[in-house]
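Here's a quick briefing to read alongside the model.

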Amino acid sequence: MKLLENVPLIKQLEIINRLNFFADFSLAERQVLLESFSRLYLVNSGRHAFKRFELDNRLFIVLSGEFVIFKSNELQELGRILPGEFIGEGAFICHREHSTSAKAIKDSILLAITPDAMTRLPNVIREKVKDKIIEGMSLRINKLSSFIEDSI
């Protein structure tokens with residue numbers, strides 16, 4: 001994973017403006033989030049954002065690209081993560097090691113937020129990020145429930 005340091009703010013805003021994750025954020029809130037509390041990373045195709053059992057408690061929002069999630073065997077795919085979705089939420093919320101691995105299947109850009117940065121966000125932005133995490137986790141639970149029902 002490579003830190004992207006010289007991406008102009010206007011380009012970053014252009015990217016996140018296309019994603020549903022940020023739909024409820026004002027332009028000023030998006031700018032505060034990007035300028036002060038997050039980092040952008042490039043993950044090349046075939047490389048991992050994180051691996052199972054790693055201690056890394058950042059939340060990653062996928063801005064572009066695509067990731068495959070798996071436990072121990074890459075051939076047993078648990079899911080695919082697309083732009084506007086996030087990964088690493090379990091480690092982020094519980095401050096524990098990752099329970100899965102995330103591998104880029106195409107060149108991807110991630111926005112990373114640390115738990116410390118999350119606590120320093122202005123309340124309105126922090127609450128919106130939390131709401132989006134809850135919404136995303138709820139959608140994943142619904143997908144898993146449907147998958148289990150269809151498998152029985």
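Predicted model: local features only at pLDDT ≥ 70, side-chain atom pairs only at ≥ 80, totals over all residues.

**Helix pair and pocket at a glance**

Residues are numbered from 1 along each chain as its sequence is written, and side-chain values use heavy atoms, with hydrogens and water left out.

**The α1/α2 packing**

- α1 covers residues 9-16 and α2 residues 27-36; they pack at about 120 degrees with axes 10 Å apart.
- Leu-9, Gln-12, Leu-13 and Ile-16 of α1 touch Leu-27, Arg-30, Gln-31, Leu-34 and Glu-35 of α2 (contact is heavy atoms within 4.5 Å).
- That contact has 5 nonpolar, 2 polar and 2 charged residues.

**The largest pocket**

- The largest pocket holds about 990 Å³ of space.
- Its lining counts 33 residues, and the closest to the centre are Ile-81, Phe-86, Glu-89, Gly-136 and Arg-140 (lining residues have an atom within 4 Å of a point on a 1 Å grid).
- β5 (77-81), β6 (86-87), α3 (89-94) and α5 (123-151) each give at least two lining residues.
- α5 supplies the largest share of the lining, 10 residues.
- By class, the lining splits into 14 nonpolar, 9 polar and 10 charged residues.

Definitions and conventions: Axes fitted to C-alpha atoms, helices over the stretch in contact; angles between N-to-C directions. Helix = DSSP H or I, 4+ residues; strand = E, 2+ residues; numbered from the N terminus. Nonpolar A, V, L, I, M, F, W, Y, C, P; charged D, E, K, R; others polar. 1 Å grid on protein atoms, 1.4 Å probe; cavity = no way out; pocket = protein on both sides within 12 Å on 5 of 7 lines; lining within 4 Å. Points joined across faces, edges and corners; volume = space filled by probe spheres on them.
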